[in-house]
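Okay, thanks for making time, everyone. I'd like to walk through one model with you and stop at a few places along the chain.

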Amino acid sequence: MKISYNWLQTLIQTDLSLDELCHELTMSGLEVEHVVKQESIKGGLRGLVVGEVLEKSKHPNADKLSLTKVNIGNGEALPIVCGAPNIAAGQKVVVAPVGTTIYPNSGEAFKIKKAKIRGEESKGMICAEDEIGLGSSHDGVIVLDSHLKVGTKLEDLYEIDIDHEIEIAIIPNRGDAISHLGVAREIQAITGKKYRKPGTVTFDARGPERVDIEIKDAEACPRYEGISLINVHVEPSPDWLTQRLLSIGLNPINNVVDITNYIQHEIGQPIHAFDLDEIEGKQVVVRRAEKGEKLTTLDGEERELGTDNLVIANAENPMALAGVLGGLDSGVTEKTRKVFIESAYFNPSIVRQTAKQFGINSDASYRYERGTDPNITDYALRRVVNLLQDIAQAEVASEIVDIYPNPIADKEIEINLAHLNKFMGHEIEKEKVIEILQNLEIKIAGNNGDNLMLHVPPYRPDVQRPVDIYEEIIRVYGFDNIPIPSKVNYAPSVISSHSENRIQTMVSNYLSANGFQEIMSNSLTNSEYYDDDSRSRAVEMLNPLSREMDVMRMELLNSALESIAYNVNRKNPDLKFYEFGKTYGTSSEGYYEQKVLQISANGRLFKEHWNTGNENMTEAQLKGIAENILGKLNIATKHYKKIIRVEQISSSDLKRHGLKENPISLKIDWQKALELSSHEIVLEDIPKYPLVRRDLSLVFASHIEFKDIKSLAEQKSKGLLRKVELFDVYEGKPLAKGERSLSLAFYLYNPKKTMEDEEIDGVMNALIAGFESQLEAKIRR
C-alpha cells in the first residue's frame, strides 16, 4: 500500500522525522518497505539555468537547425545547435549545460553530453516545455521573461512540491490500516498525537431523484447507503486532486471517479458511482445473482454469474459485482449528468470468494476482503457529496437512503491486568495500559482495578480475544521497551541422539557442507500447478488470500522451481537447494500429510572460478548425494528405490516458471527414511588380511541394471565379496544395438586367511558363470 507523506500530514502532525516515523511504523507492525522521494516536476529542474541567446545563424548542413551562442553567466558563450523554429537572438531561454540530466514527459531520463550535430559542435540544449516537465508543448523552446538574470537557477524560479511515497506492507488481518486515515490512527497509537478527520459540510438532503434500496441478503451486505446527485459536470480533476492521486501511483480519470478513489485511499471506504439514468426503476437491489446471469464489468469482460455471487442490481439486471468491480453499462462517462453514489459494508468472505472466482484484484475488493468499517459509510458518503458539490458542481437530488437492519456492535472483551503482565514478562503501569487503549480507540467500559471491560470498534475484526488485546498493547508499548532479563532460567532436557530433529540437523549440515542452500517456502501454493486429477485431491483454502495461494502444496518441486526461477532471473544460475517440508492432500480416508526432503540443482556443479570446470551437475550426482544421506541413516540399500524418486520436470513445468534450462530435482520420502533409519552401529575388526580386487568387462543387454548384477554377485561369491563398483560404461561399435559394456571392480576378502589364486579364481569363475547363464552376459577379452 502506498501512502503520501504530505497527504498523511494533513491528518496528523508529529514531532518525528520521516525516518523516525517509518521506523516506528515498522516496529509497531506496519512494515515500511520503501520510501521514494517525489517532486511535482521530475528532477526538480536541477542543473537548468537561464541563458541569453547572443547569436543565431543557419546551420550550414541542415535546413531545420540553427547555430546559437548562449550566455549562461559562466564567462563562456556556449555553442548550441537548436532545432526549435522560434529560437531568436536576444531571447532568455532555459539551458541544460553539459552534465545536466533531463527528465522529459515521455521516455527515459538522459544526460546532456558534448556532441557534434551535423558537423557542428554543441555544448548543451535549449529546452522546450515537454523536455523538462514544465508542460506538454513541443512547438518551440521556452521563452522566459527578458528581465531575468542570466545564470539564475531554474529551480529558484518555479515552486516545486516535494513529497515522499511511503510503501507499507499490510498484513492480511490489518484491513483497518489500508488508508491514510488508518495509518494516522496507527501513528496516534504510537505517539499519542491525535489525528484530525476531515470535516464535512451539512447539505440539504432531499429531492426528486430518490433511489429505493432493498437488501435481500443482510448477512452478505449488513449495510448499504446511497444518494442521488444531478447536474454533475464530468471533467478533468483540479490540480490538487490530480497530484494527490499521482502521489500514490494512481492515474486520474475524471473528477467523479477521482473523488471516489480519493475517499477510498483517504479513509479506507470504497465508494462506487453509478450513472443514475442506467438504474432501471430507480431501484437498487443487493441480492445473490441468478444462475446464468451475465454482467460486463468495467474491464470489458463479460462474466457469467452464479448464485454464490453478490450483485448490485437495478429492477431488472445486475449492475456491479458487490465490493469487487462495477458494470460497464452503469459506469460514469463524460456524458453522465446524474449519479447515484454507493457507500456500503460487505461481508469480507463473500467479496473474497467472488474476487477469487473471477480473478479480480481491485482496490475495492482488496479492502473489503480484509474488513472495512461498517460505521464509516455515512461519513464517507457525505465527504463524497461535499467534494462533488465543490469540484463537479453537483446538486443533491435525494435524501441519504441508509439500510442498516442489524447494526454491528462493538466487541466486548474483558482483560486481566495481572495476566497481561505475565504474558508480557514485564510489568506495565495500569495508567499506561489505559493510555494505550484509548489511543487505539478501544473504549474502556468498566474498570474494577484488576480487570478492564473493553469495547473494540468493528473496524478491528482481528481483535477478538484477550490475547489479541495483549498483543496490541505490547506492539504499541514497544518491544524495544521490554527489558531483557539479566538471568535466564533454563531446565535442560534429555533429547535422544536419534531424535528426528537431530537427524534432520545432521543431514542439513551434510548438504550445506556440499554447497547446498536450505530454502523454506510457503505451504500454500497455486492450484494452477496441478492438473484436474491432482487438483481433485488437493486441500483447498476456504478463503484464500490470493489466487496464487488457494491450495496447500502437494509436492515441493514447484517451490524449488520458483526459487530457481527467481535466482536465474537475477543472474544467479548456479544453484543447489534443499528443503524439508510437509506436503498435503486428501484420500478416501480423509486428509493426510507427508514429510519430504526435496533436493534440487541448476547449472554448474561448482560456482564459476578459474580452477573449476564448467560441467553441470548431473542427475546421477544428485542421486549419489541422496544415497549418501540414506547411508548416513544406516538404511539398507534395498530400500533406496522406494525412498528416492527422481522428478520428471516437463516442458510445461519449465514454461510455467519461465525457465529455459533444465534443472534437476529429486524427492526423498523423509517420513519413510526416518522410519527405516537406525542409530545402531555395528563394529567390525580391522582386516588382518589383504583385500583382493579383480576387474571384469562384461557385455549386457541395455535393460540389465547394476543392482541386478550386484545382487547376483553377492549370491555367487560364497560370502567373500566385500563390494562391487562400476567404473566404466561403453555403448557403440563394435557392440550390437541394445548392448552395453560395463567394467566392474570386485573386492574379495576372506576374514580367516590370505586369499590365494586358486580361491580367487574359483570365486571369479562362479561369478562369470552366473552372469553368463542368468544375465546372458558376454566376457570382453
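Before we start, when I say that something packs against something else, I'm talking about contact, and contact means heavy atoms within 4.5 Å. Also keep in mind that this is a predicted model.

Let's begin with helix H7, residues 348–358. Its buried residues are Pro 348, Ile 350, Val 351, Arg 352, Thr 354, Ala 355 and Phe 358. So what do the buried residues of H7 pack against? Quite a list: strands S17 (283–288), S19 (302–304), S20 (310–313), S21 (318–321) and S23 (339–345), plus helix H8 (363–370). Just after H7 you'll find Gly 359, with a positive phi of about 65 degrees.

S23 takes us to strand S16, residues 271–275. These two run antiparallel, joined by five bridges. Now, how many of the five residues of S16 are buried? Five of the five. Ile 271, Ala 273 and Asp 275 point one way from S16, His 272 and Phe 274 point the other way, and all are buried.

Staying in this area, let's talk about nonpolar cores. The largest one has 55 residues, and the members that touch the most other members are Ile 168, Ile 227, Leu 229, Ile 341 and Leu 388. Which helix gives the most to this core? That's H9, residues 377–391, with eight residues. Another core lies apart from it, with 35 residues, including Ile 213, Leu 276, Val 286 and Ala 313.

Leaving out residues up to four places away in sequence, Ile 341 touches Glu 225, Gly 226, Ile 227 and Leu 229, then Ile 271, His 272 and Ala 273, and finally Leu 381, Val 384 and Leu 388.

Next, over to a three-stranded sheet. It's open, in the order S1-S13-S2, with antiparallel pairing. S1 (2–4) and S2 (31–39) are the edge strands, each pairing on one side only. From one strand to the next, the twist averages 25 degrees. S2 and S13 are antiparallel and joined by eight bridges, and Val 35 stands opposite Ile 166 in S13. Lying across S2 and S13 is helix H2, residues 18–28, which runs at about 155 degrees to S2.

One is Asp 176, which sits in the loop between S13 (162–169) and H4 (180–191). Is Asp 176 buried or exposed? Its relative accessibility is 8%, so it counts as buried. The side chain of Asp 176 makes a polar contact of 2.8 Å with that of Arg 174. Further along the sequence, Asp 176 touches Gly 182, Arg 185, Gly 371, Tyr 459 and Arg 460.

The other stop in that loop between S13 and H4 is Ser 179. Ser 179 is buried, with a relative accessible area of 2%. And what does Ser 179 touch, not counting residues up to four places away in sequence? Met 1 and Ile 3, along with Gln 264, His 265, Glu 266, Ile 267 and Gly 268.

One more loop residue: Ala 84, between strands S5 (77–82) and S6 (92–97). Why does Ala 84 count as buried? Because its relative accessibility is 13%, and the cut-off for buried is under 20%. Ala 84 touches Gly 140 and Val 141, again not counting residues up to four places away. Ala 84 and Asp 139 are 55 residues apart in sequence, and their C-alphas are 7.4 Å apart in space.

Last stop, a four-stranded sheet. This one is open too, ordered S37-S38-S36-S39, with antiparallel pairing. S37 (721–730) and S39 (778–779) stand at the edges with a single partner strand each, so one side of each has no neighbour in the sheet. S37 and S38 (739–748) pair antiparallel over eight bridges, and the bridge partner of Glu 725 is Ala 745 in S38.

Two helices lie across strands here. H20, residues 706–716, lies across S36 (692–701), S37 and S38, at about 145 degrees to S37. H21, residues 757–774, lies across S36, S38 and S39, at about 15 degrees to S36.

That's my tour. Happy to go back to any of these spots.

Technical notes: Residues are numbered from 1 along each chain as its sequence is written. This is a predicted model: local features need pLDDT of at least 70, side-chain atom pairs count only at pLDDT 80 or more; totals for chains, interfaces and linings use all residues. Side-chain values use heavy atoms; hydrogens and water are left out. Buried means under 20% relative accessible area, exposed over 50%, partly exposed in between (1.4 Å probe, protein chains only). A polar contact is a pair of N or O atoms within 3.5 Å; within protein, one must be able to donate a hydrogen and the other to accept it, and residues adjacent in sequence count only if both atoms are side-chain atoms. Two strands pair if DSSP finds at least two bridges between them. Axes are lines fitted to C-alpha atoms, for helices over the stretch in contact, and angles run from 0 to 180 degrees between N-to-C directions. A nonpolar core is a set of buried Ala, Val, Leu, Ile, Met, Phe, Trp, Tyr and Cys residues joined through side-chain atoms within 4.5 Å.
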